[in-house]
Amino acid sequence: MLTKKPPVLQSFLSLVFRRASHLARQQYDVIVVGGGHAGTEAAAAAARVGAETLLVTQKTNTIGALSCNPSLGGVGKGHLVKEVDALDGLCGRAGDWAGIHFSILNRSKGPAVWGPRAQLDRQRYREFIQSELLSTPRLTVLEGSVEELLVTEPNPEEPGHHRVTGIRLANGSHPISASSVILTTGTFLSGSLFVGQTTSPGGRIGDAPSSAGLSHTLRERLGLRIGRLRTGTPPRIVKDTVDLSLTNLHPPDSHPTPFSFLNTHTRCKPEEQLPCYLTHTTPGVDRVVRESLHLNCHIQQDTKGPRYCPSIESRVLRFPGRSHQVWLEPEGLNSDLLYPQGLSMTMPPDVQLRLIREIPALHRAEIHTPGYGVQYDFVCPTQLSPALQVKSTQGLFLAGQINGTTGYEEAAAQGLWAGVNAARSALSMPPVALSRTESYIGVLIDDLVSRGVTEPYRMFTSRAEFRTSLRPDNADLRLTLKGFEEVGCVSSLRYQEAVRVRDGLQNALAALQTLTLSTHLWRKKLPDIGMSESKSTILTGMDLLQYNDVSFEMLASVFPECLSPYMEFSQRLNIEAVYRPHCDLQKKEIERIQKEENMTLPQDIDYFSLPVSLSQEVREILDRVRPSTLGAATRLQGMTPAAVVNLLRYVQHTGQRGRRAHRNQPDQK
Amino acid sequence: MLPFTCRGIWRAAVHTLRTSRGTPPCRLLSTCDGVPPGLADAETIFALSSGHGRCGVAVIRVSGPASATALRCMAGLTRSLPPPRAALLRSITDPQAKEVLDRGLVLWFPAPHSFTGEDSVEFHIHGGPAVVTAVLQALGSVPGMRPAEAGEFTRRAFQAGKLGLTEVEGLGDLIHAETEAQRRQALRQMSGELGHLYKDWSHRLKRCLAHVEAFIDFSEDELIEDGVLNQVDRSVCALQAEMERHLKDERRGERLRSGVQVVIAGATNAGKSSLLNTLCQRPAAIVSPIAGTTRDVVETALDIGGFPVLLSDTAGLRDSPDLVEREGSAELGKGQRLVTWVTTGRTWVEQADLTLVVVDCAHLPTDVQQAAAFLQGHLKSVLQTQEQPETALPADRYLLVLNKTDLLPEDQRQKLDRELRQVSGLPPVCLISCHTNEGLQDFLTVLHSNVKTLCGDPLSGAPTLTQARHRAHLQQCVAALAQYQQYRNADLALAAEGVRLALTSLGRITGRVGAEEILDIIFKDFCIGK
């Protein structure tokens, strides 16, 4: 998979994309607006599901651009990359292609929280994504700015309900129609850039602002609740001007682990990898921040910024007198820039230079591009269904930062899922949902649509209740099979590989179960392990694998005839043996939640006139959030057990009526 | 993975019923080792369905797949289950200790013909708190069983579609009332010292979890100070120790709620029933001078100095194997309960919080030294069990009551009183005459101080447990913290899972803790970027 990919030249790409724009049809199943992480995954997923898809972006050569940090994955985020890959998305394979520094974070803390991560070569990442989109059947890319989102007049029977019909471009007069439109506008929706005391419209430095028409349609015509968030990016530093001898070298893993389940190795050879460098802030940094506060527009605004990706200004203000870590990360194999992770700032450029020079390793550093802040609109995500469709507008899907999230991986995960559902909706297939009991993507979407956001949302492993079941190592077993059989977004090639792996693991586990020996005999075979059980106890190979100092490799060397065929799964088997008992304990709770999630609440309930006993307070909560399932309703803050039972009754009652009315129609969600 | 098509509640309920019916109940005992997956989802719940407090008959209801198992092992039905929906008189036994708890009616309601639509069992037993508690505890020891939450039976009935629409109308209000009562009760407890204690634990556990989670989610990129985990180790250890100490409170809080069990024991015709009557200040038990009159156990609720006491009069300890006639049960007054006496009064003595050993003064040797030796021997014969003959008797669990002092000459009575107090190795001695009420006031003072110690003074000292439910959740909490210790060095994700489970268990008392709350603590305590 990896080696087949030909390196693609930028000029060639632009040419093909431009040609595509000339050939653009007037009618598509799905239109994706935006070419970032959400947009590219959305377009690719929609096309995989079978929809004729159009991706519209302002500049084709920024498709797949890494606007901020040159890295992918990490703790929690790496889980998302693995899941996107398991559903045949792009970012995992792109990471393997573009990675120049691979490491598994949390290696010492248990496989459930391992965080696969890579530093990326920006150029290579963009190349991969662009060439992948180019070779995707049914997908057309068009350069242009969207002037207007076309929607129907509200349905007279359902006030406030619209249907999307397509888009109109800024330059072209004729509309392009589609059954589904996915907006992945990132920070461009009414975006403003901040450096020092100057403000200019835009979503990313160097790119034109998006049209005001889109924002207007969402707010005024569709009546969506819009909020405002902010984020920022650090200055890029010229590598040659950094005194790297004053930093701590942070080498990559000696054996890079690929993200994708399809790859056995990364494009970058182990010895070609580049290191990162660690340094720290000084009291001088604190001083510069304080002295320049009056020159810093962005920091004075009370818009919500991310608590977990704070600017150096908010770090200094919240935790004064401390030394903060600054990671200097490579931007590419041939790039002469370093990305100072942790130094996101919005003060005037001259002050930025003064600030970074307070750090010993950067005492004579030069800034290539100054840091800046961005403020942008987001649509309160509780207005979305678990399929990421706007509840009040049939066919309109949103993904990425427009939903209040931050991070490439969060955007990619939503993009993929919005793409899947936009395509299914356009092709008259019922929507599909991912449960929080089976995936981090499910946790992400459920958190967004049922709780909403108050600050940019980022994934953490602590958000997943069933963390020990939702591991990076088993994402393929959790999602690839379902992705092929039920969702339709997985290629048969990947599916066959997942089936082969599943069968291999099952056979290996069965073989381990049948290996039964008394403790006494095990001790003879494996003299070096400490077993506390009494002599007569019978233990299986599975039991043995749960010991810290026993590995599958050891067992295979003792029983080569029955275990050696499964050597390729040895690491997964080691993990499975330790976690399986815990996962079995979780199963009961998982099944209870899934049962509640299978009970859907109609989206058009008028909670205020619902003839059941509910307190006014509960009615208000339900009306505001409009949970899609009973499961989501039980997780709402302020819900009482009594209210849940009453809702249950409603579901039951209307379910019966509904079945009688639509007896001959297929089950719909 | 379950398919994501909507099935609606009806089909979900039918699915549950099918799984619970289609499998032989005996398999359900082995839930832990390889049960077919669908079965694990339905937990079996039990609760006292009749009202709390004293009543003639108590009904304990069990619902869920393990109901049949519970019925088999508690009613001694090894071969076949009773015919559906027919009352059967059985001895109810504790499946672990194999001891008989009561004799009562059992009813078997196989699914779907039950209130909840699931396999259900009802135990109709005698209504004394001691019997009810014993049966509930025994049920809790059956694998796969847990106490029901408020309104859970009704909710299950509802989910199974067993309630008609008119019945359903009132259901929301009913559940509301039940949970309201639970909430008010919890509030009452939470505002007290117990509440402070639990909230403090919950707060500390939250911080432990937040710090472990911070270490997991952020330590690779951020400065998470060294020693964060060591601090968690110490906190977890301390919490575990405190909770264990709290659990070992000798059931004082529960006693305060359901009464101190005081048993009157002694040789036949020593005047045990007379003592009971004297304490009740009314004729409560059948009193007669003929040896062996009292063959049943009579339980009476008393208020001694503000503390609830359940006083039981036992038959004389003669180890007679004969069964008893139910003579005289019709004459029992209100507030007393006839409990079938199946084995021996020793069981009662063993389970009692306090035993009053009654001795007839007339049987004492006249020499005081010999009298002390006689009493020690007598205590041994009355109190020590056959299984553990050498167990030392905790002196604070017994009172020696020398009855019929009116039959002794005045000088000898005074001599006994004076000298027996100075003999070591004897529990407190009280000389009384049930006939003349002589010495009764002193006896009541001693009894009061003993009961007070057993209950713990509610106004001072460490808060004690008041509810069996709290005890169960705290025990789970302590067990989960052990998982943290077990995996601390091997797998931090599994260790954190232990703290999370502990917090969930404690959360069933203090309220649920969401992921956001943990993240809030993380961001308050640490400077996190990226």
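I take helices (H or I, at least four residues) and strands (E, at least two) as DSSP runs, numbered from the N terminus. The model is predicted: local features need pLDDT of at least 70 and side-chain atom pairs count only at pLDDT 80 or more, whereas totals for chains, interfaces and linings use all residues. Residues are numbered from 1 along each chain as its sequence is written, chains are lettered from A and ligands numbered from 1 in written order, and side-chain values use heavy atoms, with hydrogens and water left out.

Entry on chain B. I looked up Pro112(B) and placed it in the loop that runs between strand S4 (100-109) and strand S5 (120-126) of chain B. I noted that the peptide bond joining Ala111(B) to Pro112(B) is cis, with omega near 0°.

Entry on positive phi in chain A. Asn106(A), which is not a glycine, has a positive phi near 60°. I found this residue in the loop between strand S4 (99-105) and strand S5 (115-120) of chain A. Asn106(A) is buried (under 20% relative accessible area, with exposed over 50% and partly exposed in between; 1.4 Å probe, protein chains only), because its relative accessibility is 0%.

Arg138(A), also a non-glycine residue, has a positive phi of about 70°. I located Arg138(A) in the loop between helix H5 (122-134) and strand S6 (139-143) of chain A. Arg138(A) counts as partly exposed because its relative accessibility is 36%.

Entry on helix H3 of chain A. I checked residues 77-86: 10 of the 10 are buried, so the helix is largely enclosed by the rest of the structure. The buried residues include Lys77(A), Lys82(A), Glu83(A) and Asp85(A). Following H3(A), I recorded Asp88(A), whose phi is positive, near 70°.
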